[in-house]
Each structure stands twice: as C-alpha cells, then as structure tokens.
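User: Please walk me through some local features of this model, one at a time. For each, I would like the general idea, then the case at hand.

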Amino acid sequence: MKVTLIGTGLMGRPMGERILAAGHHLTVFNRSREKAELLRSSGAEIAATAAAAVNSAECVILMLADEVAIREVLFDEDPKPDLGQRTVIQMGSISPTESIGFHQEVVECGGDYLEAPVLGSIPEARAGSLLVMMGASHFLFKRWCTFLQCFGPEPLLVGEVGKAAALKLALNQLIASLTAGFAMSLGFVQRQGVEIDVFMKIVRQSALYAATFDKKLERMLNRDYANPNFPTKHLLKDMKLFRDEAEAVNLELRAIDGIGGLLALTLDKGFADDDYSAVFEAVSPAEG
C-alpha cells in the first residue's frame, strides 16, 4: 500500500520505520526537511511539498505537533492537496473539538478521516508496542485496524471521531499530574533529609506507585533532561487543550491551572525542548 507520513520528528521517525518494515511504500514530508531525510536510507521517498506527499498515497498519516501544523499541510498550501478518495489518519495530540472539525473538512473534500492517537514514547514506537486509540466509524475501524497494528498490537475503537482525542488528552493530563506530584514529593523528602532509597522503597510497595516514577527518578536526581521522549513544551500544549475542553464541560480547573503554571515556569527556565521531567526544576530548583 502507498502510505504518506507527514511529521517525522521524535515519534514520526520510528513510526515511519515501522511502516517500511511492514512492507508498505512510504513517502514522507516534514517542514524541516533534514528530519525527513533521516528516513531516506530506510527506503522512504522524500516529497518536496505536503501536497505532493498527500497526492502520492491512498493513506495519509499525520504525526504533527498541533492544529496549526495540520491545517497548514492539509488546507493552507498552494496548491492544496487532493484529499478525495484518500484516508487521513490523525495520530498526534489535538483536542476533540479540533479533530471533529478536521473530520468534517476532510469529508467535505471527498476523503475519509479517523483519529488514532497513541500512548507510549519512542521505545514503544520502535518496538511497535504503542497503545493505539481509534476514533472512527465501525467501517473505518475495520478497514484500517490491521494496518495500524504496525504501531501497536491491539488498536482499540474508543468511539466516534473526538472520543479518542478526548481520551488521549485525559491520559496526558495524568502524565503531567503524576510527574508534578512525584517531583513535589521527591523534592520535599530531599530537603527534609529522608534517604531517597527509603522513600522509593515505600512508594514501590504501595498502591501509590506508578512506573513513571522510576522512569523519571534518575533524570530528576541528576537534573539531566536531555534527549527527551516527550518535550515539556508539548506536554504544556496538551494541558492547555485539556483545560479548554474541561472548562467546556464544567470541570473544576484549579488543579489543572496549578500544574499548567508549573509547566509554564519550566519553559521560562529554559527547558521547553527538554524532557518534561524538567518540571522538577520548577518544583525544586537547585539551591545556590
């Protein structure tokens, strides 16, 4: 099958490798061309424009940062891509409102649209073990489920378009909340002189434990946030999207505003492109 992948960043590149490994013909486009070039040696073709990439394939996968980037490549280019008789699979993190809007626009252009955001990071993308959540009609779920097993073994139909996008934001909100909460407790026990090994031993044996604590522990202790799987700026973007959608359904926002403020402070400290565990720098800044 002829597949186009638009967005070959931290997650897009290993996902492109999975598509090629499954035997599909892959065309890629990235606004920063050098990132797309990294897939050439694996057999991908590099398109000069988003329109050329879209027009070369029957399936178009979007792994882009936000709604603005998606709109730019699908609808704002001149010439515009021909979406007729093509399926657009949106796999990044956007809001349900934005996803529903794109669905309507793609269908008006004669194409099909579904959302398939994923939970997991670069290691899971390389291994093909991402958790794939699909927002689609039953027809499109059945049509594209097998293909999406390139990325994860059991794509799950969450519901109609918008439902998977909402679930993805809910999960990313948990990422932010768990990480900020762990950073606060870790910083507190450090400053109280409690041994970290004792703290972690108790946490690991309790119902409070989440695996992400151990994944981020060394980064926080060493204050080393380089080579991120998920940059802080993207998590803050998702928290803002979550806040907007939560406000629309009348949820209390004070906890979200607090965590969002910590992430914004982390960016102000210069950690926008670093791993989101850098929220530790906002919670427990280095003394002296």
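Analyst: Let's begin with polar contacts: pairs of N or O atoms within 3.5 Å, where, within protein, one must be able to donate a hydrogen and the other to accept it, and residues adjacent in sequence count only if both atoms are side-chain atoms. This is a predicted model, in which local features need pLDDT of at least 70 and side-chain atom pairs count only at pLDDT 80 or more, while totals for chains, interfaces and linings use all residues. Residues are numbered from 1 along each chain as its sequence is written, and side-chain values use heavy atoms, with hydrogens and water left out. One case is S95, whose side chain pairs with the side chain of E245 at 3.4 Å.

User: Where is S95 placed, and is S95 buried or exposed?

Analyst: Helices (H or I, at least four residues) and strands (E, at least two) are DSSP runs, numbered from the N terminus. S95 sits in the loop between β5 (87–90) and α5 (96–108). Buried means under 20% relative accessible area, exposed over 50%, and partly exposed in between (1.4 Å probe, protein chains only). With a relative accessible area of 4%, S95 is buried. Contact means heavy atoms within 4.5 Å. Not counting residues up to four places away in sequence, S95 touches A165, L169, L241 and E245.

User: How do I read the helix α5, and what span does α5 reach?

Analyst: The expected span of a helix is 1.5 Å times one less than its number of residues. α5 has 13 residues and reaches 18 Å from its first C-alpha to its last, close to the 18 Å expected. Its buried residues are P96, S99, F102 and V106. Seen down the axis of α5, these fall within an arc of 120 degrees, so they line one face of the helix. The arc is that of the directions from the helix axis to the C-beta atoms. On the face turned away from the buried side, α5 carries the exposed residues T97 and E108.

User: What covers the buried residues of α5?

Analyst: The cover includes α4 (67–74), β5, β6 (112–115), α8 (163–192) and α11 (232–248). After the helix comes G110, whose phi is positive, near 95 degrees.

User: Let's turn to α4. Which residues of α4 are buried?

Analyst: They are A69, I70, V73 and L74. These cover an arc of only 115 degrees around the axis, which puts them on the same side of α4. They pack against β1 (2–6), β2 (25–29), α3 (50–55), β4 (59–62), β5 and α5. At the start of α4, a side-chain oxygen of D66 comes to within 3.3 Å of the backbone nitrogen of V68.

User: How exposed is R71, and which residues is R71 in contact with?

Analyst: R71 is in helix α4 and counts as partly exposed at 24% relative accessibility. Leaving aside neighbours within four places in sequence, R71 is in contact with D76, F102 and E105. The side chains of R71 and E105 are joined by a polar contact of 2.6 Å.

User: Now the backbone. Which residues does a cis peptide bond join, and what is the phi of Q85?

Analyst: The cis bond joins D78 and P79, with omega about 5 degrees. P79 lies in the loop between α4 and β5, and Q85 is also placed in the loop between α4 and β5. Q85 has a positive phi of about 65 degrees although it is not a glycine. At a relative accessible area of 74%, Q85 is exposed.

User: And what is the volume of the largest pocket?

Analyst: Rolling a probe the size of a water molecule over the atoms shows where empty space is left. On a 1 Å grid over the protein atoms alone, using a 1.4 Å probe, a pocket is an open set of points with protein on both sides within 12 Å along at least five of seven lines; lining residues have an atom within 4 Å of a point. Grid points are joined across faces, edges and corners, and a volume is the space filled by probe spheres set on the points. Here the largest pocket has a volume of about 1500 Å³. Its lining has 50 residues, of which M11, G120, N229, F230 and P231 lie nearest its centre. The elements giving two or more residues to this lining are β7 (118–119), α8, α10 (211–222) and α11. The largest share, seven residues, comes from α8.
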